[in-house]
Amino acid sequence: MQQKRKPSPEFGPESGNVIFFILLGIALVGLVTAALRSGGSESANIDAEQMVIKVSQVQQYASALARATEVAYQNVREESAISFAHPDSHSDYGTYGTTPSAEIFHVQGGGADYLEPPAGVNDTSAWEFYGTTAAPDVGTDAADLIAVLPNVTPEFCTAMNTSLGQLGDTDDTGTCVYDSSGVRFSGIFSSAPNTMDGSSFTFTPAPQGCVTCTGAGNTQHFYKVILAR
């Protein structure tokens with residue numbers, strides 16, 4: 001008498017349920033992974049958008065500083081008299097209110113607001129002002145009056161230069177536009193100014209940009225000529 005063949009365990013209904021749940025688990029893992037990747041991309045996009053906004057804020061403020069400097073210069077008609085004194089700025093810039101019409105942060109002078117940099121664009125260093133560098137092909141070979149946002153992040157530097165159309169590495173191979181030795185502007189321009197590597201710029205004149213100071217630890221700084229000479 002022929003015996004009935006018992007179903008193989010691997011093909012039983014219980015095994016079918018196990019396989020179903022395994023496949024369902026794999027599908028869920030895939031969905032979660034896709035969601036996480038999507039979330040990461042969205043976060044990256046938000047970060048990029050925020051950086052674009054911060055670049056715009058810095059450019060707008062730098063332009064406001066340039067306009068205020070021009071107003072102060074028109075008031076006194078003397079480059080060396082321009083002052084960056086403010087209660088919150090370094091004492092090297094002088095005493096606020098001493099020469100109001102020549103002070104770019106005074107309501108009787110340039111009328112500019114004294115603002116801190118946007119969060120996350122640099123190491124929180126304040127804006128500085130120098131007369132020690134001649135920007136590439138801007139004005140003559142004399143030192144320009146330049147506003148500097150020191151120690152910016154590589155991400156900010158790249159975003160800034162991209163927005164300006166400077167697509168390569170922009171280098172300052174001299175003593176650096178950011179004069180960390182503390183020679184802040186107090187009426188004296190350097191007679192032998194620092195010069196940037198104009199050949200490293202996509203185009204010149206370059207009245208503003210972000211440069212890498214190769215002789216100062218490859219630190220990166222944003223600069224804006226606020227009075228060309």
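Does Ser 190 count as buried, partly exposed or exposed, and what is its relative accessibility? Ser 190 counts as partly exposed, because its relative accessibility is 25%. Here buried means under 20% relative accessible area, exposed means over 50%, and partly exposed is in between, with a 1.4 Å probe and protein chains only.

Before we go on, a word on the model. It is predicted, so local features need pLDDT of at least 70 and side-chain atom pairs count only at pLDDT 80 or more, while totals for chains, interfaces and linings use all residues. Residues are numbered from 1 along each chain as its sequence is written, and side-chain values use heavy atoms, with hydrogens and water left out.

Let us stay with Ser 190 for a moment. You will find Ser 190 in the loop between β3 (171-172) and β4. Strands such as these (E, at least two residues) and helices (H or I, at least four) are DSSP runs, numbered from the N terminus. Not counting residues up to four places away in sequence, Ser 190 touches Gly 131, Thr 132 and Ala 143; a contact means heavy atoms within 4.5 Å. Asp 144 is 46 residues from Ser 190 in sequence, and their C-alpha atoms are 9.1 Å apart in space. A polar atom of the Ser 190 side chain lies 3.2 Å from the backbone oxygen of Ala 192.

Now turn to strand β1 (residues 128-134), where seven of the seven residues are buried. Strand β2 (residues 144-149) pairs with β1 in the antiparallel sense over four bridges, and two strands pair if DSSP finds at least two bridges between them. In this pairing, Tyr 130 stands opposite Ile 146 in β2. β1 also runs parallel to strand β4 (residues 194-195), joined to β4 by two bridges. There, Ala 134 stands opposite Thr 195.

Next comes the interior. In soluble globular proteins, nonpolar side chains tend to be buried together. A nonpolar core is a set of buried Ala, Val, Leu, Ile, Met, Phe, Trp, Tyr and Cys residues joined through side-chain atoms within 4.5 Å. The largest one has 33 residues, and Leu 65, Phe 84, Trp 127, Phe 129, Phe 156 and Phe 222 touch the most other members. At least two residues of this core come from each of α1 (13-76), β2, α2 (154-164) and β6 (219-227), and α1 gives the largest share, nine residues. Leaving aside neighbours within four places in sequence, Leu 65 is in contact with residues including Ile 104, Phe 105, Trp 127 and Ile 226. Apart from this core lies another, of 15 residues, among them Tyr 130, Val 138, Val 148 and Met 196.

Finally, look for the disulfides. A disulfide is a covalent bond between the sulfur atoms of two cysteines. Here a pair of cysteine sulfur atoms within 2.5 Å is taken as one, and the count comes to two disulfides. Cys 157 and Cys 210 form one, with sulfur atoms 2.0 Å apart. This disulfide is left-handed because the torsion about its S-S bond is about -115°. Cys 157 lies in helix α2 and Cys 210 in strand β5 (residues 208-213), so the pair ties together parts 53 residues apart in sequence. Cys 176 and Cys 213 form a disulfide with sulfur atoms 2.1 Å apart, and their link is right-handed, with 80° about the S-S bond. Cys 176 counts as buried because its relative accessibility is 3%. Numbering the bonded cysteines in sequence order, the pairing is 1-3, 2-4.

Note on methods:
A polar contact is a pair of N or O atoms within 3.5 Å; within protein, one must be able to donate a hydrogen and the other to accept it, and residues adjacent in sequence count only if both atoms are side-chain atoms.
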